[in-house]
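Let's take a friendly walk through a protein model. Have a look at the picture first, then read on.

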Amino acid sequence: MLLFIGPILKQAIANQQKSFRNKIFRIADMGSSFGPNCLANMQFMVEAIRKHERLEHASQKKATNGGICRLHLQAFFCDLPSNDFNTLFLQHHKEYSHFHEEGGCFTAAVAGSVHGRLFPPFSLHLVFSSSCLHWLSNIPRLILIEEAPEWNKGKIWVDGPLSNEAAGRAYAEQWNKDFVMFLISRFEEMAQHGLMFLRYLAEIDVMEAISSGGKIIYINGVLDQKDLDTFNLPLYFPNRREITSALKSAPNLRIQYFEVMTEDVGDKYWRKFMEDPEEGAKKMTDFYKSGLWNVIEAHIGSRKCETIFERCENLLKEDLKGQSSKDSYWIYPWSSYAILQLIKDA
Ligand SMILES: C[S@@+](CC[C@H](N)C(=O)[O-])C[C@H]1O[C@@H](n2cnc3c(N)ncnc32)[C@H](O)[C@@H]1O
């Protein structure tokens with residue numbers, strides 16, 4: 001997952017570590033989830049920090065205590081209370097025992113919303129978040145009110161040629177509010193010279209995304225009209241202007257790097273699944289499930305949700321058999337990311 005941004009993140013960590021003299025270094029992954037990405041992301045950061053530390057020691061020859069003066073690392077996996085933290089830690093102990101080598105890394109779970117405070121003031125040195133900050137804390141209230149211009153009747157999202165402009169604006173406002181709350185909360189929690197490294201979906205051609213994402217939702221016979229009228233995906237992919245504007249109304253975090261980049265994960269990652277439509281459809285369904293199950297289940301219950309994902313898998317299988325491998329965008333359309341590095345100077 002860090003294939004594209006790994007080098008930028010590594011460099012950012014190296015630059016920032018020069019500013020710290022503490023013996024304790026705390027990393028928090030905001031919206032970590034519980035799957036392999038969350039552990040791989042944390043491992044990447046721990047290794048980058050250790051590598052920089054080794055280089056510093058080598059160049060300064062200031063090793064103590066038998067040649068090594070280690071930073072004490074603390075890693076926090078933060079997600080909503082419904083996140084499967086048990087799976088994370090069972091997995092963690094099985095596959096990532098080397099976290100505890102090289103001077104150790106103390107790990108902990110933090111259950112709560114990233115849109116509010118999660119840590120004491122001045123306690124975090126590196127705040128990381130990948131694929132989380134395009135999730136909204138709530139569907140804007142007016143979206144569900146029949147009399148309001150924002151009512152999003154019969155649709156599950158807010159873009160494309162048939163979109164409702166008022167609903168789109170309500171989503172944009174909600175994203176702005178959530179993102180600013182995230183920045184305000186993290187600003188309080190970050191240590192001086194702390195680094196925030198964010199990656200989230202942005203500037204996506206939503207019609208493309210929703211036309212494939214919608215295959216999961218609009219499946220005849222499972223959902224009735226009321227289900228459709230009242231279900232809305234709590235996602236928003238802001239554009240550059242919206243991100244810049246949110247950053248202006250946030251606290252004093254210096255922008256070190258801001259880019260919206262396309263990660264062609266589809267081609268590299270998904271192409272291999274097209275060779276085996278059965279396996280590919282299953283993998284893709286699991287991928288959609290991991291992101292969408294909770295929100296859909298909360299709306300329509302687990303029985304209908306299960307049926308939807310079963311039908312989704314069949315549909316994908318059929319579609320995969322008819323697709324050419326050039327159509328990777330259809331399969332993994334969500335590939336445009338905002339990458340932000342923010343520094344707390346004071
Ligand atoms: C697509 S997963 C990203 C997982 C992982 N960070 C990665 O890079 O693959 C998004 C995660 O964000 C979490 N999330 C969404 N909104 C959140 C919130 N308000 N507070 C905490 N976590 C949130 C979800 O529960 C989910 O686990």
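Here is a short tour, from the whole chain down to single residues.

## The big picture

What you see is a predicted model: local features need pLDDT of at least 70, side-chain atom pairs count only at pLDDT 80 or more, and totals for chains, interfaces and linings use all residues. Residues are numbered from 1 along each chain as its sequence is written.

The protein chain has 11 helices and seven strands. Helices (H or I, at least four residues) and strands (E, at least two) are DSSP runs, numbered from the N terminus. Of the 346 residues in the chain, 35% are buried. Buried means that 20 or more other C-beta atoms lie within 10 Å of a residue's own; exposed means 12 or fewer, partly exposed is in between, and C-beta atoms are placed from the backbone.

## A strand tucked inside

Strand 4 (residues 124-130) has seven of its seven residues buried, so the rest of the structure largely encloses it. Two strands pair if DSSP finds at least two bridges between them. Strand 4 pairs in the parallel sense with strand 1 (residues 24-30) over three bridges, and also in the parallel sense with strand 5 (residues 190-201), over six bridges.

Follow F128 in strand 4: D29 stands opposite F128, and F128 also stands opposite F197 in strand 5.

## A helix with a bend

Helix 9 (residues 277-300) has 24 residues, and a straight helix of that length would span 34 Å at 1.5 Å a residue. The expected span is 1.5 Å times one less than the number of residues. Between its end C-alpha atoms, helix 9 spans only 28 Å. Helix 9 bends by about 60 degrees at L292; the bend is the angle between axes fitted to the seven residues ending there and the seven starting there.

G280, A281, M284, T285 and I296 are buried in helix 9. Just after this helix, G301 takes a positive phi of about 90 degrees.

Is T244 buried or exposed? T244 has 12 C-beta neighbours inside 10 Å, so it counts as exposed. T244 is found in helix 7 (residues 240-248).
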